[in-house]
Amino acid sequence: GDEQNATELSLEGFQYQTLTAKLDYLQHKLTEMDFAIKEDRRTTDQKLSQLGQVMGNNFTTLQNQLNNILNEQAAIANQKRMRKEIQTLVSKKDSNTVLSQQTACANHELMRKHIQRIVTKEDRALLRDYSDTTETKSPISSCKGVTGKHLIQPTANDEPFLALCEETSFGGGWLVVQYRFNGSVDFYRNGEAYQNGFGSVDGEFWLGLEHLHQITSARKHELLVELKDFNGNYVYARYSEFEIGSEEEKYELKKLGSYTGTAGDSL
């Protein structure tokens, strides 16, 4: 009976020891797990902290990039606004330039007319100074009975102009409206030049359509065209009546009488 009790006590002691060992083992594992959990938590916290720093840095970088983009867009908008303002200023400047040029052209035209009048007055003074010549001292209305350079004033409302009178052909009294003999004056000109006249009565010249209108509309006139080549061959065409229209009528040939002559009736 004692041996059986001893055996039972031994078994119970062994089982206790075994249970204690298992408990110790479990305690050890729990300690390891607790340590591992704490280590994982520490590692996770570090990673989260690093991730937070990276995200913070990335956010700062993105914020900086966004600010740069906004600044660039603002700069582009300012550049466009300045470009429009500059274009507006340039347009205004161009408009002012065009207006100034138009004003200058108008002033130039007015000055040209004044100069023509001044030159006419100077020519008149010159004629008065040289009283020993065959030229008259005051304007005349036609070339009847005179020769050489004279101031012609068809009517009292017309401005006098210097002209050349011819007294040798067909009884005289002719006003020379065009004279060409050596090609020294260019006759390839625009309408304005032919309206106002060009050249000089001392050489080659064209009297001008406006003067022709003033003369031929004031009283009846004939037209004589004389031609001579370099070999001395001479022909002429004479028309019994001749009148030129006004500027409003585009200086049309209003009247042309009957023809006589040797040059042929080209008109």
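1. Y236 counts as buried because its relative accessibility is 19%, where buried means under 20% relative accessible area, exposed over 50% and partly exposed in between (1.4 Å probe, protein chains only). The structure is a predicted model, in which local features need pLDDT of at least 70, side-chain atom pairs count only at pLDDT 80 or more, and totals for chains, interfaces and linings use all residues. Residues are numbered from 1 along each chain as its sequence is written, and side-chain values use heavy atoms, with hydrogens and water left out.

2. The aromatic pairs number seven, a pair being two rings of Phe, Tyr or Trp (its six-membered ring) with centres within 6.5 Å; planes under 30 degrees apart count as stacked, over 60 as edge-to-face and the rest as tilted. F170 and Y236 are a tilted pair because their planes stand at 50°, with the ring centres 4.8 Å apart. This pair links distant parts of the chain, 66 residues apart: F170 belongs to the loop between β2 (161-166) and β3 (174-176), and Y236 to strand β8 (residues 234-239). F170 has 36% relative accessibility and therefore counts as partly exposed.

3. A further pair is formed by Y239 and Y259, whose planes are also at 50° and whose ring centres are 5.6 Å apart, so this pair is tilted. Y239 lies in strand β8 and Y259 in strand β11 (residues 259-261), so parts 20 residues apart in sequence are tied together. Y239 is buried, at a relative accessible area of 2%, while Y259 is partly exposed, at 25%.

4. One aromatic cluster consists of F187, Y194, F198 and W206. R180 is placed over the face of F187, 4.0 Å from the ring centre; the criterion is NZ of Lys or CZ of Arg within 6 Å of the ring centre and within 35 degrees of the ring normal.

5. Strands β7 and β8 run antiparallel and are joined by six bridges (two strands pair if DSSP finds at least two bridges between them). L224 has R238 of β8 as its bridge partner. The two strands form a hairpin with five residues between them, and G232 in the turn has a positive phi of about 90°.

6. H221 sits in the loop between α3 (209-218) and β7 (223-228). Its side chain reaches the backbone oxygen of R219 at 2.9 Å. Neighbours within four places in sequence aside, H221 is in contact with I215, T216, S240, E241 and F242, contact meaning heavy atoms within 4.5 Å.

7. Which residues of α3 are buried? They are H211, L212, H213, Q214, I215 and T216. The cover over the buried residues of α3 includes β2, β3, α2 (191-196), β6 (205-206) and β9 (242-244).

8. For the chain as a whole, the secondary structure comes to three helices and 11 strands; helices (H or I, at least four residues) and strands (E, at least two) are DSSP runs, numbered from the N terminus. From the N terminus, the order of elements is α-β-β-β-β-α-β-β-α-β-β-β-β-β. Of the 267 residues, 20% count as buried. Among contacts between residues at least 6 apart in sequence, 38% join residues at least 24 apart. The chain exposes about 19,800 Å², of which carbon and sulfur atoms supply 54%; accessible areas come from the Shrake-Rupley method with a 1.4 Å probe.

Key: Polar contact = N/O pair within 3.5 Å; in protein donor to acceptor, adjacent residues only side chain to side chain.
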